[in-house]
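Q: Could we go through this structure together? I would like to begin with how contacts are judged.

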Amino acid sequence: MSAPHLPKVAGIDPEVPVSTQTAAPLREVPAAPGAFIQDRLAGWVSDLTTLHELTERLAGTTTLDAALNELLHAGAALVGARRGLLVLEPADHGTPSTTLGLGLSHADLGHLETVERGATALGRVLEGVPGTADGIASPDLLGDKDLDPRHREVATRLGYAASYALPLASEQAGRLGGAAWLYDEPGEPSEKQRHLVGLYARYATEHLARLIELERARADVATVAEELLPSRLPRIPGVQLAARHRTGPRGGGDWYDALPLPEHTLGLAVGSVGGSGPSAMAAMGRLRASLRAYAVMEGEDPVAVLSDLELLLRLTEPARTATALFAYCEPAARKVVLAGAGHTPPLVLGERRCEFVETTLSAPLGMLACWEAPSVEFSPAPGETVLLYTDGLLRRTGDPMDRAFARLHSAAASVPKAGRHDPAAVADHVLRTMLPDGLDRTDSAEDVVILAAHFD
């Protein structure tokens, strides 16, 4: 079975046969030696071009899922198949096994998984059976008298008559898994097609290995970031709390905190440390711990809390800047006193209003030799929710800041009435509305924090 217009790569074996479309003349006319060589060179250039395009597309993928999908589609084009499946199963077991189908439903994949692994070419490839390193072609499954009965039943049900399986392995990356492509009619890829898809698969294996390491690093970063944030939110009479946090791939400095204070009062804080990576995360942990200490000592005066934090940052990390907002809450009296340092204003959502709290303008922490901005006091009505957040929520939208603020206001105003008494529902609705699928990505550079406080 031949693929429609195939590719090649640097290092392609010149001994691989050329397709009949370019190797044989249409009429019984002797071809001049120069014409034969020219046709052969044209075929190699065509293959190299196609393979280059496919590897470029694969190199452009930045997530594991995108790379696996691209690999399946490209492999199908190279071997001339319409359907296929891929199993990612790294030998070190550091990444969960993943099964992905092309032209196969979840039910189809379920049927395939009922076949004993050793009875399929893909299963033997995955197990590293000797002799499978260069792939296994099964040109006529239904005509094979020794075919496993369950495999025959599944092949008949799904309507495929041949397959070609190839390991995803390289000397440097080891064995990561395998892929198989399915043919509707008996057949197999040509030697040339096998050579091309083999080259592509070896390149893809190295790319997948890099993405796997990147995914693991991202998971480690997210774990560390979560460990630096509150493990649980306090329970204070008269107020309900909920928080949502999204960490960027390198780890950022956005954080939140909620700590119980004397006489059933509550301190709420959000902030953002400049930069990203381990240093920003470490600075975020130190800043949050310091603010906790200052809040216990001076929580009734948010200005004093942030002034102490400003002094600490200037003395200990003069090259670092950060934004922060601290609110002292008395739920029983429905009183909130807050101060902010270069931070976005809170938003109040209730039955009768949805508006931003007017806070005084100030520079971020670490940018003034002497900083002190007046605090702001307001009273949430019964049933209202105060929404604190970091600017990552606005920046991830990609909109200019004024438009992003308008989107946030609209998102909060559109919270269904049935969910307005649940701070978790409010936070989830705002997050989904601001960052729908495609924007709420783990590979975004911006952290996002939302802290919702609902007053009974």
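A: Contact here means that heavy atoms lie within 4.5 Å. Please note that this is a predicted model.

Q: Which residues does L291 touch, then?
A: Leaving aside residues up to four places away in sequence, L291 touches W255, A269, V305, L306, L309 and F326.

Q: And which residues touch the most other members of the largest nonpolar core?
A: They are W255, L268, L291, L306 and F326, in a core of 48 residues. Strand 9 (residues 322-330) supplies the largest share of this core, seven residues. There is also a second, separate core of 34 residues, and L51, L72, A76 and L208 are among its members.

Q: Turning to helix 3, what span should it have?
A: Its 16 residues (residues 64-79) should span 22 Å at 1.5 Å a residue, and the end C-alpha atoms are 23 Å apart, which agrees. Several residues of helix 3 are buried, including L72 and A76. Just after helix 3, G80 has a positive phi of about 75 degrees.

Q: New topic: how many salt bridges are there?
A: The count comes to 17. One of them joins the side chains of R82 and D184, at 2.5 Å from N to O. These two residues are 102 residues apart in the chain.

Q: Is R82 buried or exposed?
A: R82 counts as exposed because its relative accessibility is 57%, and the cut-off for exposed is over 50%. D184, at 30%, is partly exposed.

Q: What about D257 and R288, buried or exposed?
A: Both are buried. They form a salt bridge whose closest N and O atoms are 3.2 Å apart. The pair links strand 7 (residues 252-261) with helix 8 (residues 278-298).

Key:
Residues numbered from 1 in each chain as written. Predicted model: local features only at pLDDT ≥ 70, side-chain atom pairs only at ≥ 80, totals over all residues. Heavy atoms only, no water. Helix = DSSP H or I, 4+ residues; strand = E, 2+ residues; numbered from the N terminus. Expected span 1.5 Å × (residues − 1). Buried < 20%, exposed > 50% of the residue type's maximum accessible area, 1.4 Å probe, protein only. Core = buried A, V, L, I, M, F, W, Y, C linked by side-chain atoms within 4.5 Å. Salt bridge = Lys/Arg side-chain N within 4 Å of Asp/Glu carboxyl O.
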